[in-house]
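Please keep the sequence and the model at hand.

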Amino acid sequence: MKNLGVNEIREEFLKFFETKDHLRLKSFSLVPHNDNSLLLINSGMAPMKAYFTGQEIPPRNRVTTCQKCIRTGDIDNVGKTARHGTFFEMLGNFSFGDYFKNEIIPWSWEFITKWLEIPEDKLYVTIYEEDDETGVIWHEKVGLPWDRIVKLGKEDNFWEHGTGPCGPCTEIYYDRGPEYGCNSPTCGVGCDCDRYMEFWNLVLTQFNAEEDGTYSELASKNVDTGMGLERMATIMQGVDSIFDVDTVKSIRDTVCAKAGVEYGKEHKIDVSVRVITDHVRSVTMMTADGVLPSNEGRGYVLRRLLRRAARHGKLLGIQGEFLAELSKAVIACSGDAYPELVDKQEYIFKILSTEENSFYKTIDKGMEILKEDMEEMKAAGQTVMSGEKSFRLYDTYGFPIDLTKEILEEAGMSVDEDAFTAEMQAQKERARSARAKSNYMGAAETVYNELSAEMVTAFAGYDVNEVADAKVVALVANDEISGIAQAGDTVAVFLDRTPFYAESGGQVGDHGIIKTANGLVEVTDCVKVVGGKIAHMGKVAEGSISLDETVCASIDLHHRMASSRNHSATHLLHKALRTVLGTHVEQAGSYVSAERLRFDFTHFTAMTPDEIKEVERLVNEAVFASYAIDTDEMSIDAAREKGAMALFGEKYGDVVRVVDMGGYSIELCGGAHLKNTAQVGSFKIISENGVAAGVRRIEALTGEGALQHYQAQEDEVRTLSQMVKTTPDKLVTRVEQLLAEQKELAKELEKLKAKMAGGAADEILNQKVDINGVAVLAAEVKDMDANAMRTLGDQLKNKLGSGIIVLAGAAGGKVSLMAMATDDVVKKGAHAGNIIKAAAAVCGGGGGGRPNMAQAGGKDASKIGEALEKAKEIVAEQIK
């Protein structure tokens, strides 16, 4: 048996299937494309579901990949055992209606016994108990003895996902030897012990599961196989777990070196080392594919993995941030296979560093909350923290439950773990119920699912604005497939060729018209539906439109030019942002319409006015430079060499379209653009704000939109100038003058208020009473806000010399209360905070403060008299 590294096994597998006429595809992004049923890609087949369902046509009927995958169903077990991990690579080969059992079974045997040279006497296979055909192929075509072919039930060897395509599986096992076994006399293939390791699953999709529970034979049968790369490497390298294979061990060793620990000596340390090793692989890969930390969806998965790794780093004694540094080891091991890791490495470092630092601040906040909760528990004589409180720490503050338990145990307390688990389950149910019922692809079934997958529309809109001889290849009228649509019908028209750009990549679809022999369709939108089919959405304005009819399709050029201005400007904006803010800036989303552009980008602080101004200047500089905008199709590798930027979340084929704006901005893009940057006209940023953790948003205008913005601002300046009786060129000077006058008037007003308060103080002093030897003033004041009340209180305090002052009044519909106590009275037991708290409660409010001064608010002004009496009662209780 060959001793091969992870990278060597990957290459051998892909090369082998290339010799069997398979197209080698690069790994798809971990972020699912047009599939709402998954948060993250979790198998080699997952990105190809549209090919298996027939919604999309595959690039070839034979395909092979090594797919990045993440599964988090047993995240809490990662680290505790050497079996579990969240990130893995899945080798696979796929047949879409091409070969079937008679080909894949002998091929699989050839690869593992000839190419990898695994001894045949170490191999076993399982088959579905009712699939005799597969057993015969293994026995007769491969030559495997029947005692090495094990029949298992539907639960183990039949793949099914509700209704739809399904079929039996056959799995290949490796016998690791009796030393890995359980010593049970019944131990064999399928046993839960570690002796027999399944490493390759061949799914043979030959049936369709019907609604009534029966199965019908598929006319076009498929093959979908999956081989866990790391698991295969444990066999080839003769090691015990995925954490011992060469690439993963390299990361593991880096973790140990950083922590100053040795792996394999102490279980507790090993757990933390494994957690960090696995999780840093996951977060590095996820970040490279554009996932950002957040509190929901895949962003929450990233955040949870990163924080769990950071927490275990602290358990190992690692000081300061360390995950970005460890991600370098991941990039070193996997950068050749996944070049996006190298391309995005600075961005990866920035995201991981920022989120890790944020977590440490969160931990500090969580500690404060936990201490407050513990104080409340002690005061109430409780020793068990409720599930609600422990879950709030976990969910809101990212505070690990094991840390909560550890700190509570040190104080002789514990967590209600059953209640915590119930809260966790309730959250999962909420998330599950939030997902609408959907089909296999996680989307609601529509009339468009009934259209032929073979139907395609050639897009001609890069070069022409009108196609005079387009043919109607499908027609949907009033949400039903139809052969004809009449005036007034809402339609979706599908053509064999079109100049209309369909909404994609954030750019809105074209508007325009479709002329028929005796009718007219007004197209108000153009979108891509199931399988990427281009639907011209609109209404029949005149006459009719029929299936197979030849029509003339024309776009609204004014609308196209306006949206193209905004789209080309986003490319210039992206470049300017990276120049001003740094290369960590990546596009995180965009919306480009005829009216304006919206651009989301990764950045961690609000932009300063100077930064905004500089970005705006650079974009306009590129506009005024009149750069030619050239587009060219080339291989993805050639595009990378040219320096083209790829965007997160986009699905690129082997041939890509490169948009080059005079060398200033070079991006991969399939959208509609201008011919020259000068056509943008001008560029104006109108807002910059945050939309999510680590994501900022700029909204901007170009061309006519920018002109209208400037004109509206001129109108406002002109109106303001008229209001303050000056001219636009002297507006600032006039406003400064008015502000200075207002400041002087405010000073005069404060002086008058102080004089009035002095008079009120003399009047209130007459209401002084004696309570247990302490002078107490409790009075209602009229039309005073909190500041004026405090000024009056200070005057009364000075005149009183020794005592307690309680004032209450209503102004602007709100009740204000204030209490003061001189230092000598505080020493006797007086506490202004407690006095005001009780008095405010009478008025339906609350507040408090220090022993010598406190303020509060209330709602019910009719209760002010009662509140003052309550204050006197509290004073009597405090001064004995």
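In which hand, left or right, does helix 9 cross helix 12? The crossing of helix 12 by helix 9 is right-handed. The model is a predicted one.

**Helix packing**

Two numbers describe a pair of packed helices: the angle between their axes and the distance between those axes. Helix 9 spans residues 297-315, and helix 12 spans residues 345-379. Their packing angle is about 65°. Their axes lie 10 Å apart. The class of roughly perpendicular takes angles of 65 to 115 degrees, so helix 9 and helix 12 are roughly perpendicular to each other.

Which residues make the contact? Helix 9 contributes Arg303, Leu306, Arg307, Ala310, Arg311 and Lys314. Helix 12 contributes Leu352, Glu355, Glu356, Ser358, Phe359, Tyr360 and Thr362. Sorted by class, this contact of helix 9 with helix 12 holds six charged, five nonpolar and two polar residues.

**Cysteines**

How many disulfides does the structure hold? The count is zero. In general, a disulfide is a covalent bond that joins the sulfur atoms of two cysteines. A pair of cysteine sulfur atoms has to be within 2.5 Å to count.

| Cysteine | Nearest cysteine sulfur | Distance |
|---|---|---|
| Cys66 | Cys69 | 8.2 Å |
| Cys256 | Cys333 | 14 Å |

Cys66 is in no disulfide, and Cys256 is in no disulfide either. Are these cysteines buried or exposed? Cys66 has a relative accessible area of 4% and is buried. Cys256 has a relative accessibility of 7% and also counts as buried. The cut-off for buried is under 20% relative accessible area.

Asp21 is not a glycine, yet its phi is positive, at about 65°. Where does Asp21 lie? Asp21 sits in the loop between helix 1 (6-18) and strand 1 (23-24). Its relative accessible area is 51%, and Asp21 is exposed. The exposed class begins over 50%, so Asp21 falls within it.

Asn478 is likewise not a glycine and has a positive phi, of about 50°. The loop that holds Asn478 runs between strand 13 (466-477) and strand 14 (480-481). At 44% relative accessibility, Asn478 is classed as partly exposed.

Terms used
Residues numbered from 1 in each chain as written. Predicted model: local features only at pLDDT ≥ 70, side-chain atom pairs only at ≥ 80, totals over all residues. Heavy atoms only, no water. Axes fitted to C-alpha atoms, helices over the stretch in contact; angles between N-to-C directions. Helix = DSSP H or I, 4+ residues; strand = E, 2+ residues; numbered from the N terminus. Parallel < 35°, antiparallel > 145°, perpendicular 65-115°, else oblique. Left-handed = near helix turned anticlockwise from the far one by under 90°. Contact = heavy atoms within 4.5 Å. Nonpolar A, V, L, I, M, F, W, Y, C, P; charged D, E, K, R; others polar. Buried < 20%, exposed > 50% of the residue type's maximum accessible area, 1.4 Å probe, protein only.
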